[in-house]
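Thanks for coming. I will walk through one structure this morning, element by element. Please have the sequence and the model open.

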Amino acid sequence: MLKNTLFCILALCFVTTAIGQNGNPSDYLSAQFHKERRQAFRALMPFNSVAVFFGNPVRNRANDVDYVYHQDPDFYYLTGYKEPNCVLVLFSGDQLSADGNKYNELIYVQEKNPSEEQWTGIRLGIAGAKKDLGFSAAYNGEIFLKSGINFSNFDSVLFKEFKEDNGDSALRDKADLYKLIESFKAQIGYKTAVISKSDSKGIGDVKSKSITASKKENFNTNAIPSFMASLREIKGTEELKLLTKAVRISAIAQREVMKAMHTGMSETEIQGIHEFVYRKYGSEFEGYPSIVGAGNNGCILHYIENSKTKVENDLVLMDVGAEYHGYNADVTRTIPANGKFTVEQKLIYDLVYQAQEAGIAASKVGVTFGSLDGIARQIINKGLLKLGIVKSEADGNQYFPHGLGHHIGLDVHDPGAYNALESNMVITIEPGIYIPNGSNCDKKWWGIGVRIEDDILITPDGPLNLSVEAPRKWQEIEELMKEKSVLSNYTVPNLD
């Protein structure tokens with residue numbers, strides 16, 4: 001039964017990118033999916049409440065260059081809209097417009113602007129929001145500035161706490177995110193207090209802290225994160241297709257790197273091979289900054305410099321993942337750059353592998369995250385004690401300093417309640433051992449960092465490893481590394 005489930009998922013998801021008539025991908029989440037998610041959110045809302053969502057800000061990289069835009073995952077989950085400067089308003093019950101029409105949701109989007117679109121790309125606009133996203137009530141963002149919604153009529157106004165990175169692009173947009181948020185604050189009576197330097201314990205410059213007026217008891221900034229966590233931790237069929245494809249792309253990239261790896265490679269070059277494979281499959285982004293750490297660099301949990309020019313004979317820890325149509329994989333493999341594990345590397349690797357095997361096997365409906373962590377941690381701590389690396393099992397935690405796993409989805413660390421596992425959750429199982437140079441143990445263990453991470457679908461029939469195509473056993477890794485890579489003979493001119 002489990003094998004049949006795997007076959008069905010892989011057959012559905014792993015095809016060449018579906019192409020629409022305009023030449024763009026056509027395998028995004030459907031408008032119906034987003035509509036159903038809005039309905040599901042509305043069902044969680046308190047009686048007589050309104051929820052307001054804002055998209056992510058445009059963030060500046062340097063001077064007149066911005067970072068590549070990435071939509072707020074909650075906003076995308078509920079709408080499918082990928083552009084900035086946008087607002088979604090959901091009502092718990094039907095509202096009545098001035099012309100007598102009922103509505104329970106409003107979306108405000110960027111206005112069509114041929115001059116701006118020549119520089120930054122075609123905008124969906126009102127017509128596109130209605131046709132492509134399935135909204136009946138869509139408006140330009142400027143309308144929200146004077147929306148006329150009387151928020152004081154609602155028992156609860158739900159919104160997420162505001163971040164302080166919503167820059168005002170006054171010269172370009174009449175309704176950028178800054179103006180949309182400031183307008184909303186004014187409409188609901190949201191107050192901002194400034195804490196002076198002398199009030200901030202002398203740390204840094206003037207600090208500001210957002211507070212709400214005491215009369216505004218209908219403000220609720222906790223409900224949206226809680227509701228979204230309960231919705232997003234369980235994946236639907238459409239989500240599983242995209243997420244599984246992201247994971248399989250990442251696993252295949254790991255395979256290609258195993259074949260191409262040699263001691264003269266740099267960490268950046270290894271990163272580049274992973275990300276090249278992602279692009280070959282139509283992945284738009286990396287799910288997070290790629291981590292490629294050789295030797296002692298692999299003992300830094302979120303090492304992203306990837307600046308070592310030669311990996312030499314070190315172990316190379318590669319924590320990388322593709323993002324496909326918004327969904328993020330998170331796959332880690334640790335391999336010997338020269339194709340052969342040393343005795344010490346093999347002992348540590350096998351200990352991590354045993355802990356991961358036990359964690360995956362126990363990943364079943366009803367099991368808690370805490371119990372999974374305990375299973376893996378006990379194996380690692382007992383193993384470190386047996387190897388003489390620690391003097392007591394309790395000391396082992398210093399070499400396994402992170403949790404065993406997390407949800408993945410539109411965020412690489414997807415929101416969730418983190419209670420008992422349920423069917424159609426997708427989680428990581430990622431034990432690790434990291435022994436930095438200078439550790440209080442025999443020097444032969446120094447600089448060994450090992451993490452093995454797989455993405456596991458929870459099913460009624462047991463755990464399903466979506467990243468199984470990337471070898472995990474040390475014997476399988478060494479065998480694959482003997483194979484010839486298509487990149488073996490690829491060279492570029494010397495620029496020195």
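Which residues of strand 17 (residues 426-429) point one way, and which the other way? Val426 and Thr428 point one way, Ile427 and Ile429 point the other way, and all are buried. Buried here means under 20% relative accessible area, exposed means over 50%, and partly exposed lies in between, with a 1.4 Å probe and protein chains only. In a regular strand the side chains alternate between the two faces of the sheet.

Some ground rules. This is a predicted model, in which local features need pLDDT of at least 70 and side-chain atom pairs count only at pLDDT 80 or more, while totals for chains, interfaces and linings use all residues. Residues are numbered from 1 along each chain as its sequence is written, and side-chain values use heavy atoms, with hydrogens and water left out. Helices (H or I, at least four residues) and strands (E, at least two) are DSSP runs, numbered from the N terminus.

Now the totals. The protein has 13 helices and 21 strands. It has 496 residues, of which 49% count as buried. Contact means heavy atoms within 4.5 Å. Taking contacts between residues at least 6 apart in sequence, 69% join residues at least 24 apart.

Back to strand 17. Its partner is strand 20 (residues 454-459); four bridges join the two, and they run antiparallel. Two strands pair if DSSP finds at least two bridges between them. Threonine 428 stands opposite aspartate 455 in strand 20.

Strand 13 (residues 315-320) is joined to strand 16 by six bridges, and leucine 315 has proline 336 of strand 16 as its bridge partner.

Helix 10 (residues 267-280) packs its buried residues against helix 9, strand 11 (285-286), strand 12, strand 13 and strand 14 (322-324). Those buried residues include Ile270, Ile273, His274 and Val277. An α-helix has 3.6 residues a turn, so residues three or four places apart point the same way. The expected span of a helix is 1.5 Å times one less than its number of residues. For the 14 residues of helix 10 that comes to 20 Å, and the end C-alpha atoms are 20 Å apart, which agrees. Glycine 282 follows helix 10, with a positive phi near 90°.

On to the aromatic rings. How many aromatic pairs does the structure hold? There are 21. Rings of Phe, Tyr and Trp (its six-membered ring) pair if their centres lie within 6.5 Å; planes under 30 degrees apart count as stacked, over 60 as edge-to-face and the rest as tilted. Tyrosine 190 and phenylalanine 219 are a stacked pair, 6.2 Å centre to centre, with 25° between the planes. Tyrosine 190 belongs to strand 8 (residues 190-195) and phenylalanine 219 to strand 10 (residues 219-220), 29 residues apart. Both are buried. Ring pairs also link them into a cluster, with Phe54, Phe162 and Phe184 among its other members.

Phenylalanine 162 lies in the loop between strand 7 (156-158) and helix 7 (177-188). With 12% relative accessibility, phenylalanine 162 counts as buried. Beyond its neighbours within four places in sequence, phenylalanine 162 is in contact with Phe54, Ile181, Phe184, Lys185 and Tyr190.

Last, alanine 376, in helix 12 (residues 369-386). Is alanine 376 buried or exposed? Its relative accessibility is 0%, so alanine 376 counts as buried. Not counting residues up to four places away in sequence, alanine 376 touches Ala355 and Leu404. Leucine 404 is 28 residues from alanine 376 in sequence and 7.5 Å away in space, C-alpha to C-alpha.
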